[in-house]
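Colleague: Could you take a close look at the aromatic rings in this one and walk me through how they pair up? I'd like one connected answer.

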Amino acid sequence: MKKLIEKIRQDKLNYIVIAVALVYFLSAIFYISKLKQLPSPLLGGDLYYQLGSINHIIHGGGIFAGSNVLGSLPVYLPIYSLVIVLFSLLTGLDTIKSMLISSTFLSLISFLVLFFVSYKLFKNKLFALIAASLILIIKEAVILKYTALATYILFPILFLALYYTIKEKKKSYAIITGVIYGICSLSHGVAFIVGSIFIGLTYLYFIYIHRKEKDEIKLLTNIFLILIIIGVLIAQLYWFKPIFVYHGQTSENYLNWNNQDFSSFDVQKDFFLGKLKFIFFYFANVQSAIASILCIIGIISVFMIKTKNTLKHYIDIFLITSLVLLLHHFVTRPLIGMDLYPVRIADFLIPIIQIILICLGLTYISKKTKLFHKNIVPVILLIVILVFNVASFNSYIKNDKWALQGQVELPSNALALEDYVTQNTEVNDVFISTNELNFLVNALTGRKVLNSRLAHNDPFLEMEPRMKAAAIILYSNNEELRQQYLEEYDIKYLYWDISWISTDYILDEQGRIINRYDPIVLFDTVENREFLTSNNIEFFPQNTWVDPALNGDEYKKFDLLFVLPTRKDFLQPWDASLDSHLEEVWKYDENNMTISRVYLIK
């Protein structure tokens, strides 16, 4: 400890590093202290799906098993969930509090990671602080989901580790980098894709650079083999099935509706130009304007640097890889009809691109002018960035719909449901309800469901058979087929609450449907129409978006069939023939009215 204190005292800039890190940490504490639930929609919100993934593990579910549907793969890869589970077990806190409180520490870690990566590459603490403060706004530093952990912590660590592995060419570095690559691959699906392509192209690039040096090529090959073998082996804990069982083939139409419509040239073009604008011409606020100006200077300096060292080569291949990945859909969509999820790829690449270009921009200004010679201007710039950063975060806390929602207690019936289900059922017991009410059950308890919001399901799992089963069980009078599905999917419970119909459809004051929320839906085919009609299930066709949250001109529409409740009754919306299968085992009353029930299915 004394050595650490002494090392800090040796450089006064270390005090500035500590001060800025404390701004992030204390801002996160201030925000989290106000929250009584997750700042996200309770029905269908990403943070609550993440909560379900955590509850699945903490209640005994398999780490590499789907958190909401039996027999599926996890949608949110498990590294973040495991971090929160460990935090919960060590502190004794429930999972929501564990997510919230741990996010304060993760905000500090994410800032320090981006600072450390910037500093290790460019050897200037003030420049690294400016870069980290511009890239990581405080709101994004408050990590409550697996994507942010992978984007702001794990992938930047992999980026830095690979650089040092190439620079030092030591097997010990390669082993460490391989482990980081493996962990990164288990943190997010796109992290594995981006990391693997970057590692592969980096190897080829450095082999080309040293093409006349046989010993160097042999050494580089051995180093890369070590890290690739270790990383790929660790990754197989999740990736074995997607690669060797499913051969990368997702369920039908999954990539077409759960992604922007990259079959459209306009969407391809607008996406790429939008990312360029975000990096170089984004002037929405003071921080983004400063970042864009520095990135413009930085990209110009890339072409002016004449020194060819390991860092310059590494920067070059990362920028080349980024360009390839951000443009790949222009080639892959026409040729093979698919892409690698460009929207999420950009999330991983852009923070590193900005680190490189902002630091290069600051370095260029420092070399060409006397502006930064006494550190006064960089410190003032850093203070300005932090002031606006804190101000924008404070505005978010006071005005954002979901930040305000997070400051309100969870509904009392939801809390009571959580208590009953966790104490009286097993983690792999299967519930049936509407898509959104099933989502709620899974989020709060980690219990499994037959059907749920489509976007929050294993991309390799065909959900349409489950939607058909839910339609039969709930809204058909075909008793034989109902019994078959109840047994096939081992359904044990039905959850009802007063919002059943309103989680399917939005109604006007006269009770007429004016829009859909998230009902049972099938693709409009002759077979599906016949299936519903022959089983006396009401439905209506519509050409629209599959997921209610993924809509707009950039998303593809499909011909769909929307299932309607048999009885337009808020208390018992299912077909009357289902009643004989139901035994009420729990209910929750509010104002002398039952608003939630759990039924055991007989």
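Modeller: Rings of Phe, Tyr and Trp (its six-membered ring) pair if their centres lie within 6.5 Å, with planes under 30 degrees apart called stacked and over 60 called edge-to-face. Keep in mind that this is a predicted model. Searching the whole structure turns up 39 aromatic pairs. Take Tyr76 and Tyr146: their ring centres are 4.2 Å apart and the planes sit at 20 degrees, so this pair is stacked. It joins distant parts of the chain, since Tyr76 belongs to the loop between α3 (46-58) and α4 (79-91) while Tyr146 is in helix α8 (residues 146-168), 70 residues away. Tyr76 and Tyr146 are both buried.

Helix α8 comes up again with Phe159, whose partner is Phe318. Here the centres are 5.0 Å apart and the planes are at 70 degrees, so the Phe159–Phe318 pair is edge-to-face. Phe318 lies in helix α15 (residues 310-327) and Phe159 in helix α8, so this contact ties together parts 159 residues apart in sequence. Phe159 and Phe318 are buried too. They also belong to a cluster: ring pairs link them with Tyr163, Tyr164, Phe198 and Tyr314.

Arg211 lies over the face of Tyr208, 4.1 Å from the ring centre. Over the ring of Phe531 you'll find the charged end of Lys468, at 5.1 Å from the centre.

How values were computed
Residues are numbered from 1 along each chain as its sequence is written. This is a predicted model: local features need pLDDT of at least 70, side-chain atom pairs count only at pLDDT 80 or more; totals for chains, interfaces and linings use all residues. Side-chain values use heavy atoms; hydrogens and water are left out. Helices (H or I, at least four residues) and strands (E, at least two) are DSSP runs, numbered from the N terminus. Buried means under 20% relative accessible area, exposed over 50%, partly exposed in between (1.4 Å probe, protein chains only). A charge sits over a ring if NZ of Lys or CZ of Arg is within 6 Å of the ring centre and within 35 degrees of the ring normal.
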